[in-house]
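Here is a short note for someone meeting this structure for the first time. Please have the sequence and the model open while reading.

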Amino acid sequence: MSSLTVNKKTRRIIPGFHLSLGYTMLYVSLLVLLPLSMIFIHTMSLSWAEFVHIVTAPRAVASYKVSFSTALAAGLLNVIFGTIIAWVLVRYHFPFKRIIDGLVDLPFALPTAVAGIALTSLYAPNGWIGQFFNFKIAFTPLGIIIALTFIGLPFVVRTVQPVLQNISVEVEEASASLGATRLQTFRKVIFPELAPAILTGFSLAFARALGEYGSVVFIAGNMPMKTEITPLIIMTKLEQYDYAGATAIAVVMLVTSFILLFSINLIQWLANRRFVH
């Protein structure tokens, strides 16, 4: 037993548990916990009445509705089309596949302001695409959804793609040989494997969309009570040196986002248990 214990210890590639845990806690504290704690510290300079007055102002409440509804819609769209794109990239061979696969990561590398200007020029009433529609796309919530879908697509594709690559085609063929239809094969064989990855991709795309500013501020039109997003209100208050007001609204976004992401992770955990058992 002692020799086995020694062998297990010598096979560890990274440093010991305590040293690794110490580095991890230091890294997370400096880059995550400390900045987030400063938000709450600045907010504590407000009284409870002042805090409630700021975060429940009609303009702020309207921005919450715009930010969360558009982020949710963009996340759901990315779940549908991102999964389809990942399926095509994994299961089919066609010309220029590598180029298209690389284009999926373009929103990661493209500056968000450039993406916002490009989308605005395309979907404006006189733009290349917007001119063909009888209704406005840019400067409406629909334009915001398009921008958030653009920046969130890689999260779903890159999360689902590795899982699809690990699902053998022979499993689908075995299901078909047992008499299952394509829909039954997808529901009973493929979807249980993809569900955790899809939920993870959705949560990442949703979280990114909630805090997105650069690609949205141009196409949104920034009309108060209509198309104004919460990050823009925060930026406006910072420009006015109202740090307490900006952090108060940021606290609402942070807490709400944490609750939503925790709920999504809980659903993912329950789904994993269900599919495992």
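1. Keep the source in mind. This is a predicted model.

2. Start with helix H9 (residues 169-177) and helix H10 (residues 182-210). Their axes come within 10 Å and cross at roughly 135°. Angles over 145 degrees would count as roughly antiparallel. H9 and H10 are therefore oblique to each other. The crossing of H9 past H10 is right-handed.

3. Which residues of H9 and H10 meet? From H9 come Val 171, Glu 172 and Ser 175. From H10 come Thr 185, Val 189 and Ile 190. By class, the residues of this contact split into 3 nonpolar, 2 polar and 1 charged.

4. Now turn to the aromatic rings. The model has 7 aromatic pairs, counting rings whose centres lie within 6.5 Å. One of them joins Phe 108 and Phe 155, with ring centres 5.1 Å apart. The planes of these two rings stand at 85°, so the pair is edge-to-face; the cut-off for that class is over 60 degrees.

5. Where do the two partners sit? Phe 108 is in helix H6 (residues 106-109), and Phe 155 is in helix H8 (residues 141-166). The pair therefore ties together parts that are 47 residues apart in sequence.

6. Phe 155 has a relative accessible area of 18%, so Phe 155 is buried; the limit for buried is under 20%. Phe 108 has 43% relative accessibility and therefore counts as partly exposed.

Key. Residues are numbered from 1 along each chain as its sequence is written. This is a predicted model: local features need pLDDT of at least 70, side-chain atom pairs count only at pLDDT 80 or more; totals for chains, interfaces and linings use all residues. Side-chain values use heavy atoms; hydrogens and water are left out. Axes are lines fitted to C-alpha atoms, for helices over the stretch in contact, and angles run from 0 to 180 degrees between N-to-C directions. Helices (H or I, at least four residues) and strands (E, at least two) are DSSP runs, numbered from the N terminus. Angles under 35 degrees count as roughly parallel, over 145 as roughly antiparallel, 65 to 115 as roughly perpendicular and the rest as oblique. A crossing is left-handed if the near helix is turned anticlockwise from the far one by less than a right angle, and right-handed if clockwise. Contact means heavy atoms within 4.5 Å. Ala, Val, Leu, Ile, Met, Phe, Trp, Tyr, Cys and Pro count as nonpolar, Asp, Glu, Lys and Arg as charged, and the others, Gly among them, as polar. Rings of Phe, Tyr and Trp (its six-membered ring) pair if their centres lie within 6.5 Å; planes under 30 degrees apart count as stacked, over 60 as edge-to-face and the rest as tilted. Buried means under 20% relative accessible area, exposed over 50%, partly exposed in between (1.4 Å probe, protein chains only).
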